[in-house]
Amino acid sequence: MAAIMIVIASWVLYRYLAPNNWREWAGAGVVQAFIIALYAEMYGFPLTIYLLARFGGLDGTELNANLWSSLLGMGETGMFISMILGYVLLFFGIGLFFQGWRQVYKAREQKTLVTTGLYALARHPQYTGLFIALFGEGVIHWPTLFSVGLFPVIVFIYYRLALREEKTVIAEFGQAYIEYKAKTPMFIPMKNQWKAFWQQSKISE
């Protein structure tokens, strides 16, 4: 099951976020490591719980499958809450990821600058979706020492990648993108725009 989930998640990653240069390959490689660490522990040996029990002094009677509920002593209730919240964030992030990919794919075919839909709310909704999905699944639902540690590294790598991508887009579209950039947040929409962000993340639309 661990191998199957790793293959499926990795195929989706490389299918819809295909690297074009070594920097993108480096970012995808870190996400790949995140995926392997996550599902190897979820469906395999729970190394994080073992290490914390063996070297962190956790009381064995309070341990369960979820790291946060074990650390906070919330038992199965805490695990259930983290699972529900994690899945909500996961599917929200996946919706953003795919909708953003669809919009930018159409724009590339037409060789136009996309500034509507999700891109009217954030300049890089695909990366926002990736961050939310990974945070929901690998930090909230099934956190491991490795997935929690890798998450900020992934955010930093894709932040730097987004900056480089914007330089390329400015070279292509010039002032039009500079004006768009000045009024549109990079990853996080304005506070009053999150409802629209949520609505436009629906894959069925």
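User: What pattern does the chain follow when read along the sequence?

Analyst: In this predicted model, the chain reads α-α-α-α-α-α-α-α-α. There are 9 helices and 0 strands.

User: Why are H1 and H5 called roughly parallel?

Analyst: The axes of helix H1 (residues 2–16) and H5 cross at roughly 30°. Angles under 35 degrees count as roughly parallel, and H1 and H5 are therefore described in that way. Their axes come within 11 Å, and H1 passes H5 in a left-handed crossing.

User: Which residues make the contact between H1 and H5?

Analyst: Val12, Arg15 and Tyr16 contribute from H1, and Phe97, Phe98 and Trp101 from H5. By class, this contact has 5 nonpolar, no polar and 1 charged residues.

User: What makes the pair of Phe97 and Phe98 edge-to-face, stacked or tilted?

Analyst: A search of the whole structure finds 11 aromatic pairs. For Phe97 and Phe98, the ring centres are 5.7 Å apart and the planes stand at 90°. Rings pair if their centres lie within 6.5 Å, and planes over 60 degrees apart count as edge-to-face; the pair is therefore edge-to-face.

User: How do you know whether Phe97 is buried or exposed?

Analyst: The relative accessibility of Phe97 is 8%. Buried means under 20%, so Phe97 counts as buried.

User: Why is the aromatic pair of Tyr177 and Tyr180 called tilted?

Analyst: The centres of Tyr177 and Tyr180 lie 5.4 Å apart, with 55° between the planes. Stacked planes are under 30 degrees apart and edge-to-face planes over 60, the rest being tilted; the pair of Tyr177 and Tyr180 is tilted. Both Tyr177 and Tyr180 are buried.

User: Why are Tyr177 and Tyr180 separated by about one helical turn?

Analyst: Tyr177 and Tyr180 are 3 residues apart in helix H8 (residues 175–183), so about one helical turn separates them.

User: Which residues form one aromatic cluster?

Analyst: Phe92, Trp194, Phe197 and Trp198 form one such cluster.

User: What makes Lys111 exposed?

Analyst: Lys111 has a relative accessible area of 69%. Exposed means over 50%, so Lys111 is exposed. Lys111 is located in the loop between helix H5 (75–110) and helix H6 (125–141).

User: What is the phi of Lys111?

Analyst: Phi of Lys111 is near 55°, a positive value in a residue other than glycine. Most residues other than glycine have a negative phi.

Definitions and conventions. Residues are numbered from 1 along each chain as its sequence is written. This is a predicted model: local features need pLDDT of at least 70, side-chain atom pairs count only at pLDDT 80 or more; totals for chains, interfaces and linings use all residues. Side-chain values use heavy atoms; hydrogens and water are left out. Helices (H or I, at least four residues) and strands (E, at least two) are DSSP runs, numbered from the N terminus. Buried means under 20% relative accessible area, exposed over 50%, partly exposed in between (1.4 Å probe, protein chains only). Axes are lines fitted to C-alpha atoms, for helices over the stretch in contact, and angles run from 0 to 180 degrees between N-to-C directions. Angles under 35 degrees count as roughly parallel, over 145 as roughly antiparallel, 65 to 115 as roughly perpendicular and the rest as oblique. A crossing is left-handed if the near helix is turned anticlockwise from the far one by less than a right angle, and right-handed if clockwise. Contact means heavy atoms within 4.5 Å. Ala, Val, Leu, Ile, Met, Phe, Trp, Tyr, Cys and Pro count as nonpolar, Asp, Glu, Lys and Arg as charged, and the others, Gly among them, as polar. Rings of Phe, Tyr and Trp (its six-membered ring) pair if their centres lie within 6.5 Å; planes under 30 degrees apart count as stacked, over 60 as edge-to-face and the rest as tilted.
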